[in-house]
Amino acid sequence: MEEEVLGKAYDSRLMGRLLTYMRPYRGAIMVSLVFLLVNSVLQILGPLLTKIAIDRFLVPSGTPTLTTPIDPLLSSDRWTGLAQVAGIYLLVILAALLMEFGQTYLMQRTGQYAMFDLRREVMAHLQKLDIAFFDKNPVGRLVTRVTTDIDVLNDLFSSGLVTILGDVLVLSFIVAAMFRLSPGMTLLLLAVMPLVVLATILFRRSVQNSYRRIRVAIAKINAYLQEHVNGMAVLQLFNRERKSAEEFDRINREHMQAFKDSIFAYGWFYPVVEFLGMLSLALLLAYGGLRIIEGALTLGILVAFFQYGMRFFRPIQDLSEKYNILQSAMAASERVFRLLDTAPRVVSPPSPRPVSRAPLDIEFDHVWFAYKDEDWVLRDVSFRIAPGETIALVGHTGAGKTTITNLLLRFYDVQRGSIRIGGSGIRELDLHELRSQFGIVLQDPYLFSGTLAENIRLGTAGIADETLAAAMEQVNLKDLVERLPEGLQHSIRERGADLSTGQKQLLSFARALAHDPRVLILDEATSSVDTETELRIRAALGRLVAGRTSIVIAHRLSTIQRADRILVMHKGQLRETGTHQELLALRGIYWKLYQLQYKDQEIRIPEPLVPRESLELRT
Ligand SMILES: Nc1ncnc2c1ncn2[C@@H]1O[C@H](COP(=O)(O)OP(=O)(O)OP(=O)(O)O)[C@@H](O)[C@H]1O
Ligand SMILES: [Mg+2]
C-alpha cells in the first residue's frame with residue numbers, strides 16, 4: 001500500500017516543488033514573515049521589562065533583600081516608573097496579539113489558496129487520464145489523494161513551515177537574550193538539552209510508527225466502506241451483516257490500537273519535557289540564588305531567566321510535533337506528485353488532422369487488443385462500416401462487443417492494427433473532436449446528480465428546450481416528466497438512484513438524441529425497458545439512424561434484424577457478417593443464437609417477429 005511508505009522528513013526536491021504552489025502568494029507570505037519576525041522579537045521583551053521593573057523600581061538599591069524598607073520620598077518616582085513599564089508591557093502584548101493574528105490569518109489563507117490550486121490541478125489531471133488507469137486505481141485511493149493527502153499538505157503550508165521558522169526564531173532570540181544577561185545561567189539551562197533531545201528522538205520514533213499504522217488503517221477503512229456501502233443491498237440480501245461487521249471490526253481495531261499507541265507516546269512525552277524544564281528551573285533557582293547572595297546577580301535577572309526558561313521548552317515540544325507534520329507532508333506530496341506525474345497514455349497528437357466533413361465511415365484493420373498483457377480480447381478483427389450504414393454487433397457475453405466501441409472512442413489504444421474513421425487513423429485526430437462525433441448509449445448508463453435537463457445537455461451549449469422536449473417524447477419519457485412537479489428541472493439523486501434502470505437507459509437515449517451525433521452507438525440500449533417502450537424507441541431509432549453511421553449492440557435479436565449488416569463476434573473474433581437472412585441461411589453461429597432465442601416459436605424466415613412498421617430501422 002502506498003500509504004505505508006514514509007520517507008525522509010525533508011526532501012529538497014519535493015519541498016522545492018511544493019513551494020512552487022506558494023509562489024503566487026509570495027506577497028502575503030512576505031508580510032506574514034515580517035509579522036512573525038516582529039512577534040518573535042516581542043516575545044523576548046516581556047522578561048526584559050520584568051527585569052527592569054524589578055531592578056530599577058522594586059529593588060533599586062541593587063541589594064536584593066526584599067525586607068529593605070522602601071524610602072517614602074522615592075516612592076512616587078518608583079510608582080511612575082512602574083506604571084510606565086507596565087504600560088509598555090501592555091503595548092508589547094497588544095502588538096504581539098496583532099502580529100500573531102495577522103500572521104496566522106495570512107498563512108492559513110495562503111495555505112487554503114495553495115490547496116485549492118493543487119486540488120484543481122489533480123482533478124484536471126484525473127480527467128485527462130486514460131480509462132486503463134481507472135481500471136487499475138480504485139476510487140477510494142484517488143479520493144484519498146484529493147482529500148486526506150492534500151489536507152496534510154495544508155497543515156504543512158498553513159502552520160508547519162511558518163511555525164517551524166517561528167519556533168526556531170523565538171528559540172534563538174531567547175538564547176541570545178539570556179546569553180547577554182548571564183552566560184553562566186544560560187549554559188546551566190542548556191545543560192538539560194541533551195536529555196530533552198533524547199526524549200524527543202524516542203517520542204518521534206514511537207509516534208512515527210503509530211502514525212504510519214494509522215494512515216494505513218484509514219486507507220483500509222475508506223476502501224472497505226466504499227465497497228460495502230455501494231453494495232449494501234447485496235450485503236443485506238445475503239445476510240452478510242454479521243460477517244461484514246466482524247471484518248470491519250478488525251480494521252477498525254487496527255486503527256484504534258495504532259492511535260492508542262500514539263496517545264501513550266504523547267502522554268509520556270509532554271510530562272517528561274515539562275519535568276526536564278522544571279528541573280532546569282530548580283537548578284537555576286539554586287545556582288542563581290547563590291549568585292544573588294554573593295551579589296554577582298540581580299533579582300531582576302533571575303526572574304527574567306525564569307520567564308525565559310518557561311518560554312524555552314514550549315517551542316522545543318512544538319518542533320518535535322512539527323517534525324511529524326513535515327514527514328507526513330513529504331510522504332503525502334510524494335503520492336500526490338506521483339499521481340500528477342502519471343502521464344495519460346491516450347493523448348491527442350501534437351498536430352491533429354481535422355475530422356472529415358464528409359459522411360463518416362469506420363474501419364477496423366487487423367485489430368488486436370488486450371486489456372492486460374497478451375490476454376487477447378480482440379483477435380485480428382477487420383471490418384468496414386460504410387457512411388450512413390447501420391450495423392449490428394451480436395455475440396455471446398464477453399465476446400468483445402463493448403470492447404469494440406471502447407476502442408473506437410479511444411478509451412484504450414489498440415496493440416496491433418489500426419482503426420480509421422472518415423479516412424484518418426483515430427490516433428491522428430484530436431481526442432476531443434473524435435469523441436464529439438459519437439453519441440453513445442451505454443450498456444450501464446451513468447447519470448450525475450443534477451436536474452434531468454442538465455443530465456441530457458451535459459454542458460453542451462446550444463441544445464434548445466424544444467429539442468430536449470422532443471427527445472424526451474421520442475424515448476417515451478414525456479409522461480414521467482409531466483408527472484414530476486418540476487418537470488425537466490427535477491433533480492435526480494447521485495447516480496440516478498431514484499430512477500429505474502429502464503428510465504436511466506431512456507434518459508441516456510434522450511442524451512444521444514439531443515446531441516445529434518454523426519455516429520451513433522447503442523450498447524444494449526433498450527435491454528431494460530418494456531416491449532411497448534422498446535417498440536416506440538425503435539420507431540424513433542428509425543429516424544435517428546437515417547443517414548447516420550450507426551452501431552447497434554443487442555442480445556435481443558429482434559432489435560437488430562433490420563440492420564444493414566450484422567457482425568457476429570465470437571471469442572474475440574469476427575466470425576460472420578451479413579444481413580439477417582444471409583446469416584440465417586449460413587446456419588452458423590448467428591443461426592444457432594437465433595434458434596436458441598426463439599426455439600419455442602416457429603421460426604418464420606424471413607418474416608420479422610413484430611410488425612414491419614415498428615421494426616423499421618431505416619426510413
Ligand atoms: N476493463 C477491463 N479490464 C480487463 N478486462 C476487461 C475489461 N473490460 C472487459 N474485459 C474483458 O474483455 C472481454 C470482452 O468484454 P466486453 O465487455 O467487450 O464483452 P461484451 O461482448 O460487451 O459482453 P456483454 O454482452 O456481456 O456486454 C471479457 O472477457 C471481459 O472479461
Ligand atoms: Mg458489453
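The legends below describe close-up views of a predicted model. Local features need pLDDT of at least 70 and side-chain atom pairs count only at pLDDT 80 or more, while totals for chains, interfaces and linings use all residues. Residues are numbered from 1 along each chain as its sequence is written, and chains are lettered from A and ligands numbered from 1 in the order in which they are written.

**View 1**
Strands (E, at least two residues) and helices (H or I, at least four residues) are DSSP runs, numbered from the N terminus; two strands pair if DSSP finds at least two bridges between them. Five bridges link strand 1 (residues 362–370) to strand 4 (residues 416–421) in the antiparallel sense. Trp368 is placed opposite Arg416 in strand 4. Axes are lines fitted to C-alpha atoms, for helices over the stretch in contact, and angles run from 0 to 180 degrees between N-to-C directions; residues are in contact if their C-beta atoms, placed from the backbone, lie within 7 Å.

Strand 9 (residues 519–523) and strand 10 (residues 549–553) run parallel and are joined by five bridges. Leu522 stands opposite Val552 in strand 10.

**View 1. The residues around ligand 1.**
The shell has 13 residues (C-beta atom, placed from the backbone, within 6 Å of the ligand). Tyr371, Thr397, Lys401, Thr402 and Thr403 come nearest. Helix 11 gives the most to this shell, with three residues. By class, three residues are nonpolar (Ala, Val, Leu, Ile, Met, Phe, Trp, Tyr, Cys and Pro), three are charged (Asp, Glu, Lys and Arg) and seven are polar (the others, Gly among them).

**View 2. The contact of helix 5 with helix 6.**
Helix 5 (residues 139–181) and helix 6 (residues 183–190) pack at about 140°, with axes 6 Å apart. Val175, Met178 and Phe179 in helix 5 meet Pro183, Thr186 and Leu189 in helix 6. The contact residues comprise five nonpolar, one polar and no charged.

Technical notes
Contact = placed C-beta atoms within 7 Å.
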